[in-house]
Amino acid sequence: MFYDIFSALCSSKGIKPGAAAEACGINRSNVSLWKSKGYTPRSDALNAIADYFDVSVDYLLGNEEKPAAPKDDELYKDELIAFYGEVKENLDAQDIEDLKTFMRMKAEIKKNRLEKK
C-alpha cells in the first residue's frame with residue numbers, strides 16, 4: 001500500500017521514485033524493497049517523504065483519504081511544470097513571484113495592444 005501512494009505522489013510531482021527517495025535522503029535501493037516486498041519505510045524516512053510531498057505520514061500509510069491541500073506556491077509550481085517540465089524543483093518563492101509579475105505585465109501589454117487596434 002505505501003509504495004502505491006508513494007508512486008502516485010511521485011507521478012503527480014513529475015519525479016521518478018528513486019529520485020524522490022534520494023531527494024529525501026533515502027537510498028534509492030529502498031524503493032525496490034518498498035515495491036517488491038511491500039516494506040514500509042522507518043519513521044524518519046516516512047517523515048522526510050511526508051515533508052517532501054507536503055502530506056501527512058498518515059496519508060502515506062493509507063490512513064487518510066486525501067493529502068493536505070498544496071500551499072499556494074506549490075499550486076503555481078504545478079502550473080508552471082506544464083510549461084517548463086521539472087522547473088518547479090529549482091524555483092523558490094521569489095522566483096514564483098517574479099514569474100507571476102511577468103505574466104501580469106505580459107497580459108497588460110497584450111490588453112493595451114488590442115485596445116489600440
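A residue is called buried when its relative accessible area is under 20%, exposed when it is over 50%, and partly exposed in between, with a 1.4 Å probe and protein chains only. On that scale, 26% of the 117 residues of the protein count as buried. The model is predicted, with local features needing pLDDT of at least 70 and side-chain atom pairs counting only at pLDDT 80 or more, while totals for chains, interfaces and linings use all residues. Residues are numbered from 1 along each chain as its sequence is written, and side-chain values use heavy atoms, with hydrogens and water left out.

The protein has 7 helices and 0 strands, where helices (H or I, at least four residues) and strands (E, at least two) are DSSP runs numbered from the N terminus.

Helix α1 (residues 2-13) and helix α3 (residues 29-37) have axes that come within 8 Å and cross at roughly 125 degrees, the axes being lines fitted to C-alpha atoms over the stretch in contact and the angles running from 0 to 180 degrees between N-to-C directions. The two helices are therefore oblique to each other, since angles under 35 degrees count as roughly parallel, over 145 as roughly antiparallel, 65 to 115 as roughly perpendicular and the rest as oblique. In terms of contact (heavy atoms within 4.5 Å), Phe2, Tyr3 and Phe6 of α1 meet Val31, Trp34 and Lys35 of α3.

A disulfide requires a pair of cysteine sulfur atoms within 2.5 Å, and the count here is 0. The sulfur of cysteine 10 has its closest cysteine sulfur in cysteine 24, at 8.2 Å, which is too far for a bond. Cysteine 10 counts as buried because its relative accessibility is 1%, and cysteine 24 counts as buried at 14%.
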